[in-house]
Amino acid sequence: AIGLATTVAQADNFTAGLVNEWVGDDYTYGNSWVDRISGVSANLDGYPLPPILVTNVFGTHSGVQRDIAGDGTTDAGFNIPGNNAPTAYANYTVSAVIYPTVAGPNNGAYYGSQLIVGYDIGGAGQTDWGFSWGGNTSLSFVAGIGLSNGNDQGLNTPAVALSQVHAVALQVGGGTMSLFVDGAMVAQQTGLATEAPATQQGVIPLLSNVGANIGQVFPGALAELRIYTNSTVDGAALTAYLQTNYNFSQAIMLSTNTIGAIVGSNAMVTVSVPANVTASSSAVVTLTSANPAVTASQTITLPVGVNS
């Protein structure tokens, strides 16, 4: 019998140093969003319309998005207690899984783009950080940190496609700042005078401008946010894993017009892959049979980049 098949999920081998992980599957509408590692609550920021659940862009997973009102005065985001800021660590990595649907501002600074997570403290050289959507192409992720020499450092990714799942990671440590997206390191700056570990902020805005000192907020969906206490996690491998995990959990439909066939004969099978399933690795589906006489070990391998 030809029916529904799904790809096999990869193992999450990126847990060393992981201290916070907010996952869209764990969010209940109208409540705080609690991370599954340390139990830290991302609390609603006070506006009356809570973030909504998005269930149709991350495969079988859910995402979180500001309410569709989008007016900045009634739609709420989240505030994470400020003592969880990654700037409290000498080295850190922050990653997110994002689904953008519209271009953001054309601004090369994270504080001039649509904030995903982080904050700006007025004046240069502060212990601030964050990454946003828009950047220097309107279709980029842009990250920034304050430096101890009174300067700031920003990095932009190349432009990425709309209406697809993307994973981005900011990594800071040892005087180096790196930015990763979808399985590749795309920007890096070395020899930086990074700040000493500190938290100077009351809250960490997440999909929120409350306490951010940043005017615009990312309007798309977020499936996951992670914070690590190290800069040694492989950012390229991490973002590749996250992008694949939230793409290839999609269901792949197999169908055939052949009602019955002799064992050993051929049957035409149509494979329908969701349009937003794109990743850098192949996907394998396994064919099974209700007839025990038919060996359930036949596979179809979909090549890299198949999305229709």
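Ser178 has Gln188 as its bridge partner in S15. The strands here (E, at least two residues) and the helices (H or I, at least four) are DSSP runs, numbered from the N terminus. Two strands pair if DSSP finds at least two bridges between them. Strands S14 (residues 176-181) and S15 (residues 184-189) run antiparallel, with five bridges. Two residues separate them in a hairpin, and Asp182 in the turn has a positive phi of about 50°.

## Basis of the model

This is a predicted model: local features need pLDDT of at least 70, side-chain atom pairs count only at pLDDT 80 or more, and totals for chains, interfaces and linings use all residues. Residues are numbered from 1 along each chain as its sequence is written, and side-chain values use heavy atoms, with hydrogens and water left out.

S4 (residues 41-44) is joined to S3 (residues 33-34) by two antiparallel bridges. Val34 has Ser41 as its bridge partner in S4. The S3–S4 hairpin has six residues between the strands, and Gly39 there takes a positive phi near 70°.

S4 also pairs with S7 (residues 78-81), again antiparallel and over two bridges. Asn43 has Asn79 as its bridge partner in S7.

Asn20 sits in strand S2 (residues 18-23). Its relative accessible area is 2%, so Asn20 is buried. Buried means under 20% relative accessible area, exposed over 50%, and partly exposed in between (1.4 Å probe, protein chains only).

The side chain of Asn20 makes a polar contact with the side chain of Asp35, at 3.3 Å. A polar contact is a pair of N or O atoms within 3.5 Å; within protein, one must be able to donate a hydrogen and the other to accept it, and residues adjacent in sequence count only if both atoms are side-chain atoms.

## The S16–S17 loop

Most residues other than glycine have a negative phi. Leu207 is not a glycine, yet its phi is positive, about 55°. Leu207 lies in the loop between S16 (203-206) and S17 (216-217). Its relative accessibility is 0%, so Leu207 counts as buried.

Asn213 lies in the loop between S16 and S17. Asn213 is not a glycine either, and has a positive phi of about 60°. Its relative accessible area is 51%, so Asn213 is exposed.

## Helix H1

At the N-terminal end, Asp234 caps H1: a side-chain oxygen lies 3.1 Å from the backbone nitrogen of Ala236.

H1 is mostly covered, with eleven of its 13 residues buried. Among them are Gly235, Leu238, Tyr241, Leu242 and Tyr246.

## Cavities

A search of the whole structure finds two cavities of 30 Å³ or more. On a 1 Å grid over the protein atoms alone, a cavity is a set of points where a 1.4 Å probe fits but cannot get out. Grid points are joined across faces, edges and corners, and a volume is the space filled by probe spheres set on the points.

The largest cavity holds about 110 Å³ of space. It is lined by 14 residues, and Thr87, Tyr92, Val172, Thr194 and Glu195 are the closest to its centre. Lining residues have an atom within 4 Å of a point. By class, eight are nonpolar, four polar and two charged. Ala, Val, Leu, Ile, Met, Phe, Trp, Tyr, Cys and Pro count as nonpolar; Asp, Glu, Lys and Arg as charged; the others, Gly among them, as polar.

Notes
1 Å grid on protein atoms, 1.4 Å probe; cavity = no way out; pocket = protein on both sides within 12 Å on 5 of 7 lines; lining within 4 Å.
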